Amino acid sequence: MRRGGTLVALALLLVPGVARAERRMISAETVAPPASPDEPAAERLAAVDPPPAPVDDTPREAMVATIAAISMRVPDGQGGVERWGEGVSLLLSYLERRGDFPTGFEGQASFLDGEGERLYTLGASIVGSGDLQRGLAPFLSTGLDLAASSVGGAPRVAIGVHGDLGIHGFVGRNLYLRASAGWLGAGDGGIRVQLGVGWMFNGH
């Protein structure tokens, strides 16, 4: 009886010690080893908390005001073209700035001064463009114009279609550049070349 009591007492003493040793081994496996003192601090921080992904703050849509210089050429009746005159144009555009094929629309008011004739136009266009997030991109616009012209004091009013092909894009967040050439059908009809600079005044 004395030997049995001694064995029971030893077992009661050993069981708690074994349980504590097992808990220490499990904790040692789950806790990450301390960083080496030779490891750079930046690498340790990157491993623990990776930097956030960059945020694209490019507006999805933009309202742009553009002023452009215009030069116009008309057919000379002999298979060529001749200078008609120069002028200025003001454009107000709505453009999408994201996507592989952004679209938009614009309104345009123009004034051209030729030899003995002046031409005023009001036009509206739809615009299709290449990817504007990669810089300058090609674009195509087409629409209608209402033109008023005067030759020798006699005013004329006409409606015609126009189409322009060119390149445009944003430099930075707000600065806008465009260059185009196309056909202006209202009035006498002719080839219109435009070079403009604009500013995004509203984007979201």
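Helices (H or I, at least four residues) and strands (E, at least two) are DSSP runs, numbered from the N terminus. I started with Thr66, which lies in strand 1.

**Ground rules.** I noted that this is a predicted model, where local features need pLDDT of at least 70, side-chain atom pairs count only at pLDDT 80 or more, and totals for chains, interfaces and linings use all residues. Residues are numbered from 1 along each chain as its sequence is written, and side-chain values use heavy atoms, with hydrogens and water left out.

**Thr66.** Is Thr66 buried or exposed? I found it buried, at 1% relative accessibility (buried is under 20% relative accessible area, exposed over 50%, partly exposed in between, with a 1.4 Å probe and protein chains only). Then I listed what Thr66 touches, leaving out residues up to four places away in sequence: Ser89, Leu90, Leu91, Tyr176, Arg178, Gly196, Val197 and Gly198. A contact here means heavy atoms within 4.5 Å.

**Whole chain.** I counted two helices and eight strands in the protein chain. Along the sequence, the pattern runs α-α-β-β-β-β-β-β-β-β. Of its 204 residues, 30% count as buried. I also checked contacts between residues at least 6 apart in sequence, and 54% of them join residues at least 24 apart.

**Cores.** Next I looked for nonpolar cores, meaning sets of buried Ala, Val, Leu, Ile, Met, Phe, Trp, Tyr and Cys residues joined through side-chain atoms within 4.5 Å. The largest has ten residues, among them Val64, Leu95, Phe139, Phe170 and Met200. Strand 1 (61-75) and strand 5 (137-151) each supply at least two residues of this core. I found a second, separate core of nine residues, including Ile70, Val74, Ala147 and Leu184. In soluble globular proteins, nonpolar side chains tend to be buried together.

**Phe170.** Which residues does Phe170 touch, not counting those up to four places away in sequence? My list reads Ala62, Val64, Leu95, Arg97, Leu132, Leu175, Tyr176 and Met200. The charged end of Arg97 sits over the ring of Phe170, 3.7 Å from its centre. For that label, NZ of Lys or CZ of Arg must be within 6 Å of the ring centre and within 35 degrees of the ring normal.

**Rings.** I noted three aromatic pairs in the structure. The centres of the Phe111 and Tyr120 rings are 5.2 Å apart and their planes are at 40°, so I logged the pair as tilted. Rings of Phe, Tyr and Trp (its six-membered ring) pair if their centres lie within 6.5 Å; planes under 30 degrees apart count as stacked, over 60 as edge-to-face and the rest as tilted. Phe111 is partly exposed at 27% relative accessible area, and Tyr120 is partly exposed at 40%.
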